[in-house]
Amino acid sequence: MTPSHPVGLIWFRRDLRLADNAALYAALQQCKKLFCVFIFDDSILAPLPHADRRVEFICQSLAELDGDLRAACGRQEAGLITRRGLPQDIIPELARQLGADAVFCNDDDEPAALARDAQVAHRLRAMGRSLQRSKDHRIFGRDEVLTQSLSPFSVFTPYKNAWLRKITPFYLSSYPSERDLAARLADRPEGERRPVPTAAELGFEAGTLDGLKLPTGASGARELLDDFLPRLPRYQAARDYPALKGPSYLSVHLRFGTVSIRELARTAHASMQREDWDAAAREGAATWLSELIWRDFYFQILAHHPHVVERSFKPAYDAIVWDSGPEADALFAAWCAGRTGYPLVDAAMRQLAGSGYMHNRLRMVAASFLVKDLGIDWRRGEAWFAEKLNDFDLAANNGGWQWAASTGCDAQPWFRIFNPVTQSQKFDPEGRFIARYVPELARLPARLRHAPWLAAPLELAEAGITLGRHYPHPVVDHAAAREKTLARYAVVKAGDAGSAASHS
Ligand SMILES: Cc1cc2nc3c(=O)[nH]c(=O)nc-3n(C[C@H](O)[C@H](O)[C@H](O)COP(=O)(O)OP(=O)(O)OC[C@H]3O[C@@H](n4cnc5c(N)ncnc54)[C@H](O)[C@@H]3O)c2cc1C
């Protein structure tokens with residue numbers, strides 16, 4: 001293809017890699033000369049806490065991207081332009097300064113991103129320039145997998161079956177960019193040759209990733225993927241046990257696009273059919289692909305039903321009255337701090353606070369506990385996760401919370417209430433995860449770590465624990481809370497109870 005634009009600009013957002021990047025490919029196809037920019041968006045940075053691991057993750061990943069750009073063309077003058085402010089103002093102005101008549105980016109269906117992009121596109125159009133969006137961070141876009149009557153799916157299993165029927169090598173193949181990059185990358189104007197700022201230079205706390213096993217950038221994603229692939233055959237067997245190294249830990253990389261979803265889905269899809277793997281190993285690959293499909297599923301739910309950001313997917317559930325007031329606030333604070341007296345919930349919440357990650361099984365348990373044991377509005381928990389999770393993604397987080405609260409599409413039925421003790425016995429049978437994150441219980445025999453209030457006084461004394469002093473008494477009684485929850489949800493008509501999907 002002969003490039004049709006003399007100068008173009010690629011705007012990186014949640015796609016911080018050069019390999020297999022759809023917008024980069026489109027830009028390289030269409031532009032003779034290409035500039036690259038990332039904008040630290042003040043409307044996103046402003047509400048973040050001072051110590052935010054994601055800012056550091058982004059800065060380090062961008063520094064790598066900048067280095068990769070310069071290495072690709074062998075010139076220090078090329079590389080990433082970084083700016084801080086509002087993209088609506090910066091992108092059109094930068095395009096004008098650079099003489100770029102087309103701006104390329106990968107699309108994003110979050111409501112705020114859609115509004116921002118519409119504004120940018122409008123301003124560029126008024127200047128005779130264009131914004132071209134490519135699909136990159138999911139396999140299928142919002143309207144690519146629909147029911148026979150062309151409406152969006154709201155139940156996962158038929159969505160997944162349709163997804164699997166539709167998938168072909170076309171959707172999984174990568175966008176090569178290496179060859180054209182060297183020839184097309186433009187040198188940055190002199191005033192734009194600054195290094196990528198650090199988190200501290202942006203006014204955030206430095207060192208937030210220190211001590212965490214969280215490699216950043218495209219090389220970090222590669223490291224995690226290489227580590228995970230030998231474990232993929234055992235994924236199905238290991239993924240539900242938080243004390244085991246079961247899942248891939250790639251979610252933050254998927255969030256910021258330091259890895260290509262096409263590469264992951266292609267690998268999983270091919271592994272499902274490997275004849276040299278036994279049935280259990282192929283099942284491991286199929287289950288992992290299924291998780292990646294949940295991700296696509298929630299993206300299309302958010303795109304088609306943006307009301308979920310504020311309200312229940314199923315409107316009937318907005319009639320539920322959640323507990324509020326000082327007592328509910330105190331329970332919420334105990335949940336956030338990992339001091340509910342339910343060890344698995346507390347371990348989960350402390351894992352989140354200490355690392356920015358929480359195991360999927362524990363996200364389900366902790367979310368269910370907040371909503372169905374403490375009677376607190378799922379939106380409060382959703383907001384807490386949004387602040388703390390490195391991999392926070394509006395669509396997946398909202399989908400996960402509405403699933404746990406039974407208010408969402410294909411959600412856990414409202415009358416199904418996780419028992420935090422039996423979940424603990426089942427998924428952390430030796431209490432190893434609990435001992436890691438709630439060390440004050442580590443001296444208790446494993447069988448007692450799930451519910452220390454059931455231990456005999458002597459057993460507690462031998463472990464050096466006084467309940468209420470070293471570790472809290474349970475903040476609620478699960479059996480009583482369960483009854484209260486069933487009554488709370490009774491306002492919702494029984495007919496709207498939702499289907500019994502098994503989430504992830
Ligand atoms: C209440 C709640 C909140 C959640 N919030 C988020 C969130 O903000 N961001 C996020 O990426 N995931 C979220 N999840 C989904 C899931 O817990 C994480 O994706 C997973 O734990 C990430 O770990 P991993 O990369 O090791 O996962 P793996 O098991 O290796 O899975 C591979 C990838 O599949 C995707 N995936 C897995 N499970 C789901 C799922 N249920 N929904 C959507 N995508 C999935 C993720 O991109 C993940 O990286 C949430 C789940 C619940 C129940």
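Among contacts in the protein between residues at least 6 apart in sequence, 79% link residues at least 24 apart. Contact here means heavy atoms within 4.5 Å. The model is a predicted one, in which local features need pLDDT of at least 70, side-chain atom pairs count only at pLDDT 80 or more, and totals for chains, interfaces and linings use all residues. Residues are numbered from 1 along each chain as its sequence is written, and side-chain values use heavy atoms, with hydrogens and water left out.

The secondary structure of the protein comprises 22 helices and 5 strands. Both are DSSP runs numbered from the N terminus: helices are H or I with at least four residues, strands E with at least two. Along the principal axes, the C-alpha atoms fill a box of roughly 75 × 55 × 50 Å.

Of the 504 residues, 57% are buried. Buried means under 20% relative accessible area, exposed means over 50%, and partly exposed lies in between (1.4 Å probe, protein chains only). The protein exposes about 20800 Å², and carbon and sulfur atoms supply 55% of this area. Accessible areas come from the Shrake-Rupley method with a 1.4 Å probe; for residues, only the protein chains shown count as cover.

Helix 3 spans residues 53-73 and includes arginine 54. Arginine 54 is buried, because its relative accessible area is 9%. Its side chain reaches the backbone oxygen of alanine 386 at 2.7 Å. Beyond neighbours within four places in sequence, arginine 54 is in contact with residues including Leu48, Phe256, Ala386, Glu387 and Phe392.

Alanine 63 also lies in helix 3. With a relative accessible area of 39%, alanine 63 is partly exposed. Proline 195 is 132 residues away from alanine 63 in sequence, yet the C-alpha atoms of the two are 7.6 Å apart.

Cysteine 73 belongs to helix 3 as well. Its relative accessible area is 15%, so cysteine 73 is buried. Residues up to four places away in sequence aside, cysteine 73 touches Ala78, Ala182 and Leu185. Alanine 183 lies 110 residues from cysteine 73 along the chain, and 7.1 Å separates their C-alpha atoms.

Conventions: A polar contact is a pair of N or O atoms within 3.5 Å; within protein, one must be able to donate a hydrogen and the other to accept it, and residues adjacent in sequence count only if both atoms are side-chain atoms.
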